[in-house]
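Please find below a short note on the model under review.

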Amino acid sequence: MDLSSRLKDGEIPVLPSPEVIRTARSKLLPTLPETGLGADHIKAHLQNDIVPGLNRSSQSPKYYGFVTGGVTPAAAFADNIVTETDQNVQVYLPQETISTDVEDRALRMVCELLDLSPDEWSHKTFTTGATASNVLGLACGRDYVLQTAGAGPLSIAEYGLLEASRLAGILKIQILTTVPHSSLRKAASIVGLGRASVVDVGLSGQPHLFDIPRLEAHLKEWGICSIVVVSCAEVNTGLFATDGTDMRALRELCNTHGAWLHVDAAFGLLARALPQTEEYASLNAGVAGLELADSIAGDAHKLLNVPYDCGMFLSRHIELGTSVFGNPNAAYLNTASSENTASTDRTIPSPLSLGIENSRRFRALPVYATLAAYGREGYREMLERQIKLARGIATYLLHSKGYQLLPQPSSPAVSDARRLQDIYIIVLFRATDEQLNRTLVQRLNATRRLYVSGTQWEGAPAVRFAIANWQVDDQDLNIVKEVLSGTVS
Ligand SMILES: *Cc1c(COP(=O)(O)O)cnc(C)c1O
């Protein structure tokens, strides 16, 4: 089986019916049973009562809500082994298990897929998702900027944000970005910088791009340190904040002002696997220069199509990383001693000092399995299929009277061909009729032939197709067109 063959023939419904959901909910056990009902009974209960009440967001290639992705057969197989063998991937124990070797190999394969040097990206780990990876990026960034500003050894990791900042004479750490994903503000809250520290320095008229003079003015502010975050790509439109030239400019500005450069590339990252062709010129440019960043957040449970939950974090600063995430004074968790590592050619850092968790799931195995099963070509082909469908839908919308493709072009000089070139895996649009637009998501989803999610764009409701499932194919365009034309006639 390759990445283009579907799990099942025919149409998998995108959602259970309201009736099925009501029934499933009514069959949930109301309370903890005093005497257990037995594993056999519960197996039947799960199969017959619970599973029907779950959505098919991962199984149906016509589920276009959010950016969900599915699960490839190789990843699904691996995930069952993860549960059976229940490895705790926290300490490198080379004489006992190869689980940390697998994680290291999987992360190296991810780097290879993305054309990033596995050795240069010395601090790399699997996380629970891009939100957690953004937390890691900001946690590394806040310590870096403060130390660069003169705190020296007075790290936040050791002394805490308040004391380290006071001793360094720093009043504030701000996050400068454009069209940030909501999880960035959440991450800012978690790491003690605060949601209000996120400042949008987008260009007026093209808000996803950096207003470089405005960015520079903020970077120069006295007593304030900065973390610059690149949205790669923006979740409503799929547009990229930078091209290679911008990344070089950002890198230079960050060097000059001691700022940390983080990229939120939850689903944009895989565009690094695309061929360098005219057709993908916009997307190639959108992910050019990411190797200049200090840290990158990525998701595996989106476009890599592995099961929830799995994200990646990559940074080029391993010493800083182990200082922030070090788990000291736990003698019983001592990492591999030197005699333990003598038989292996390279010491693999213990994952517990690279991220949030100590005990961790063997998330690496499905990533290893799926990358090995389908290879660079398999993923490239899958992504090209997804982009083709997205652009097919966008083309239909451009030529239809009842719909409007969003965002509106920044000037009348922007050709339709250019707008289509910018389409990655997300298509944002609305109905031209305002009344209809208000209920458009419900109407489209009520057909139960596909599923889309709603958002707000420039103060009005809008709809998004997000194409992320490995099973997507060209034939789906006909169904999408039928549903769209049947809803606005
Ligand atoms: C999905 C997404 C996130 C959050 O990822 P989770 O996997 O839900 O934690 C962050 N940033 C961007 C750009 C995203 O698309």
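1. The model is predicted: local features need pLDDT of at least 70, side-chain atom pairs count only at pLDDT 80 or more, and totals for chains, interfaces and linings use all residues. Residues are numbered from 1 along each chain as its sequence is written, and side-chain values use heavy atoms, with hydrogens and water left out.

2. The ligand is surrounded by 13 residues (a heavy atom within 4 Å); the closest are Thr131, Asp264, Asp299, His301 and Lys302.

3. A polar side-chain atom of Thr131 lies at 2.6 Å, one of Lys302 at 2.8 Å, and a polar backbone atom of Ala130 at 3.3 Å. Taken alone the ligand exposes 380 Å² (Shrake-Rupley method, 1.4 Å probe), and the protein buries 83% of that.

4. Ser155 belongs to the loop between helix 5 (130–151) and helix 6 (156–168). Ser155 counts as buried because its relative accessible area is 8% (buried means under 20%, with a 1.4 Å probe and protein chains only). A polar atom of the Ser155 side chain lies 3.1 Å from the backbone nitrogen of Glu158. From Ser155 to Ala130 the C-alpha distance is 25 Å, at a separation of 25 residues in sequence.

5. Gln421 is part of helix 14 (residues 416–421). With 18% relative accessibility, Gln421 is likewise buried. Beyond neighbours within four places in sequence, Gln421 has contacts (heavy atoms within 4.5 Å) with residues including Glu278, Leu283 and Arg391.

Definitions and conventions
Helix = DSSP H or I, 4+ residues; strand = E, 2+ residues; numbered from the N terminus. Buried < 20%, exposed > 50% of the residue type's maximum accessible area, 1.4 Å probe, protein only. Polar contact = N/O pair within 3.5 Å; in protein donor to acceptor, adjacent residues only side chain to side chain.
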